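Here are a few exercises to work through with the model open beside you. Try each task yourself before reading its solution.

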Amino acid sequence: MKRTGVTLTGRARVTRVSHGPTLLVNHWYTHPVGHAIEALRRCLGYHRADPCARVSLVLNSATPTELADLCPFVVTTYPVTHPFLDARGYPDRPLAAVPRDWDWVLDDARRADRRN
């Protein structure tokens, strides 16, 4: 049987292509490093669910956004400068650098939870 483009050695190999859906994980509302790690774990989960997906991430600029550079499953990271305790609404000026055209925008529902 002829196989083209993929070499099989006992296990199927998934080849990442650049034509998958675009996902934006929106996690800008808070800056503690634990929230950045949580956002990166979400990105990894979306990547594992669809290895062809192009996953990007919005983080608060006060968090160590460099962590995303260590994650090959994150295509782009957008740092957003916004006060930690003012998570209501979308800040137009800080989000101006984030592209608007995405197949999926995945928000953290806690951002709008007034109990937090």
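**Exercise 1. In what order do the elements of the protein run from the N terminus on?**

Before we start, a word on ground rules. The model is predicted, so local features need pLDDT of at least 70 and side-chain atom pairs count only at pLDDT 80 or more, while totals for chains, interfaces and linings use all residues. Residues are numbered from 1 along each chain as its sequence is written, and side-chain values use heavy atoms, with hydrogens and water left out.

Step 1. Count the elements: the protein has 1 helix and 4 strands. Both are DSSP runs numbered from the N terminus, with helices being H or I of at least four residues and strands being E of at least two.

Step 2. Read them off from the N terminus, and you get β-α-β-β-β.

**Exercise 2. Work out the strand order of the sheet and its pairings.**

Step 1. Two strands pair if DSSP finds at least two bridges between them. On that basis the 4 strands form an open sheet in the order β3-β2-β1-β4, with parallel pairing.

Step 2. Find the edges: β3 (74-80) and β4 (104-107) each pair on one side only. From one strand to the next, the twist averages 20°; such angles run from 0 to 180 degrees between N-to-C directions of axes fitted to C-alpha atoms.

Step 3. Go through the pairs.

- β1 (residues 22-27) and β4 run parallel, joined by 4 bridges, and L23 stands opposite W104 in β4.
- β1 and β2 pair in the parallel sense over 6 bridges, with R54 in β2 as the bridge partner of T22.
- β2 and β3 are also parallel, over 6 bridges, and here N60 stands opposite V80 in β3.

**Exercise 3. Is strand β2 largely enclosed or open?**

Step 1. Set the cut-offs: buried is under 20% relative accessible area, exposed is over 50%, and partly exposed lies in between (1.4 Å probe, protein chains only).

Step 2. Apply them to β2 (residues 54-60): 6 of its 7 residues are buried, so the strand is largely enclosed by the rest of the structure. For the protein as a whole, 34% of the 116 residues count as buried.

**Exercise 4. Find the nonpolar cores.**

Step 1. A nonpolar core is a set of buried Ala, Val, Leu, Ile, Met, Phe, Trp, Tyr and Cys residues joined through side-chain atoms within 4.5 Å.

Step 2. The largest core has 15 residues, of which V25, L40, C43, V55, L57 and V74 touch the most other members. β1, α1 and β2 each supply at least two residues of this core, and α1 gives the most, with 4 residues.

Step 3. Apart from this core lies another, of 9 residues, including Y78, V80, L95 and V98.

**Exercise 5. Which residues does T65 touch, not counting residues up to four places away in sequence?**

Step 1. Locate T65 in the loop between β2 and β3.

Step 2. List its contacts (heavy atoms within 4.5 Å): T65 touches L59, N60, T77 and P79.
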